[in-house]
Amino acid sequence: MEKNSAILVTGGTGFVGSYLLRYLVEYGYSNIFALKRSSSPMDLVQPVADKIQWLEGDILDLPFLEEALEGKEFVFHCAAVVSFKKNEHQKMMRINEEGTANLVNLCLFYAVKKLVHVSSIAALGRAKDGAHINEQTSWENSDLNTNYAISKFQSEVQVWRGIAEGLNAAIVNPSLIFGGGFWEKGTAQMVTTIDKGLSFYTKGGSGIVDVRDVAKYMIRLMESDISSQRYLLNGANVTYLELFSAIAKQLDRKTPSIELKKWMQEIAWRVFWVWSKLTGKNPIFTKETAMITGKQFFYENEKSLKAFDFSYTPLEETIRDSTTAYQKAKSERSNSSYLPLN
């Protein structure tokens, strides 16, 4: 991938996409295109916004996507909907699966040199509590698979279908991605919630990875000759209590001390459902999150470490940088901020 290669990034204004764009510019790439919607906030890409050629449209709009793909050599697919709300299920399925199918088909049509697709650990499936999961883990139908997991699995299937049809592509499966972003959305919302005071925790746990590591690994993967492979990206396996406690310590807040039992979770997600209806805000705890946060899953990262000379950012550093960014945003009365590149 030459520095002046025509590169297209979907989801460029989003969490992962914004860090990817900043690193591409930092590494000297100069012919970068990115998709955005007319309503997309530009907060996270502000430092490099004038260095990106923005294409405004929707990934489900085929004529627009055809025009966007024409002449592009390398494609990073970051666009996706992450939601655990029942009423967003159909929208999420369309964008995550149908949108990816559209992109794969056009990458094949225009003979794109390489596609790197952002999948998720959710696409690897969660067959049972306490499972150790790696790239070889096969998807199994399970009550532990959320609608988001199903949408990411089907999205990844579209990429594997493209590979079978001759597409040069590789896939990353990040664990829980953490870092500075919009502080009322996604994993960043954990920091806001703990800062306001959080007494409860669930007994489960998951893998966690710095958003900067995901972006850097994607570029390394694109620059390599690796194809038809997936890589599970995970910096550490932690319990939610360990994660919440580390965040609380950095914020000088009390550590959550009350374990949310299963029966309490059943009440909690219903309370937050009512709260969301009354306030119009996204619930921070849903029926699906109640189901998965009470379970512990362990994610392996050996394959990702063997592919390159690569090391993951220590969790302590990720949390420190994230809470520092959050406090800066709070002092400036901003709803977003981003981490410095490392």
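With 342 residues, a compact globule would have a radius of gyration near 20 Å; the value for this predicted model is 19 Å, which agrees. The radius is taken over C-alpha atoms, and the globule rule is 2.2 Å times the number of residues to the power 0.38. The C-alpha trace spans about 55 × 45 × 45 Å along its principal axes. This is a predicted model, in which local features need pLDDT of at least 70, side-chain atom pairs count only at pLDDT 80 or more, and totals for chains, interfaces and linings use all residues. Residues are numbered from 1 along each chain as its sequence is written, and side-chain values use heavy atoms, with hydrogens and water left out.

The protein has eleven helices and 14 strands. Helices (H or I, at least four residues) and strands (E, at least two) are DSSP runs, numbered from the N terminus. Buried residues make up 53% of the 342 residues. Buried means under 20% relative accessible area, exposed means over 50%, and partly exposed lies in between (1.4 Å probe, protein chains only). Among contacts with a separation of 6 or more, 79% join residues 24 or more positions apart. Contact means heavy atoms within 4.5 Å.

Helix packing was examined next. Two packed helices are described by the angle between their axes and the distance between the axes. Axes are lines fitted to C-alpha atoms, for helices over the stretch in contact, and angles run from 0 to 180 degrees between N-to-C directions. Angles under 35 degrees count as roughly parallel, over 145 as roughly antiparallel, 65 to 115 as roughly perpendicular and the rest as oblique.

Helix H1 (residues 15-26) and helix H6 (residues 211-223) have axes that come within 9 Å and cross at roughly 60 degrees. H1 is therefore oblique to H6. The crossing of H1 and H6 is right-handed. A crossing is left-handed if the near helix is turned anticlockwise from the far one by less than a right angle, and right-handed if clockwise. H1 contributes Phe15, Val16, Tyr19, Leu20, Tyr23 and Leu24 to the contact, and H6 contributes Val211, Arg212, Val214, Ala215, Lys216, Met218 and Ile219. By class, the contact of H1 with H6 has eleven nonpolar, no polar and two charged residues. Ala, Val, Leu, Ile, Met, Phe, Trp, Tyr, Cys and Pro count as nonpolar, Asp, Glu, Lys and Arg as charged, and the others, Gly among them, as polar.

Helix H3 (residues 89-109) meets helix H2 (residues 62-69), with axes that come within 10 Å and cross at roughly 40 degrees. H2 and H3 are therefore oblique to each other. Their crossing is right-handed. Leu62, Leu65, Glu66 and Leu69 of H2 meet Asn102, Leu103, Leu106 and Cys107 of H3. The residues of this contact divide into six nonpolar, one polar and one charged.

H3 also packs against helix H4 (residues 147-164), with axes that come within 9 Å and cross at roughly 10 degrees. H3 is therefore roughly parallel to H4. The H3 residues in the contact include His89, Met92, Asn96 and Val104, and those of H4 include Tyr148, Ile150, Gln154 and Arg161. The contact of H3 with H4 has eight nonpolar, ten polar and three charged residues.

Two residues in the loop between H6 and strand S11 (230-233) were examined, one of them serine 224. Serine 224 counts as buried, at 19% relative accessibility. Leaving aside neighbours within four places in sequence, serine 224 is in contact with Lys114 and Phe308. Serine 228 also lies in the loop between H6 and S11. Serine 228 is partly exposed, with a relative accessible area of 34%.

Most residues other than glycine have a negative phi. Serine 228 has a positive phi of about 55 degrees although it is not a glycine. Arginine 333 has a phi near 55 degrees, also a positive value in a residue other than glycine. Arginine 333 lies in the segment after helix H11 (315-331) and counts as exposed, at 82% relative accessibility.

Arginine 253 lies in the loop between helix H7 (240-251) and strand S13 (258-259). At 35% relative accessibility, arginine 253 counts as partly exposed. Arginine 253 touches Ile194, Asp195, Ala248 and Lys330, not counting residues up to four places away in sequence. Lysine 262 is in helix H8 (residues 262-279) and counts as exposed, at 67% relative accessibility. Lysine 262 and glycine 294 are 32 residues apart in sequence and 7.6 Å apart in space, C-alpha to C-alpha.
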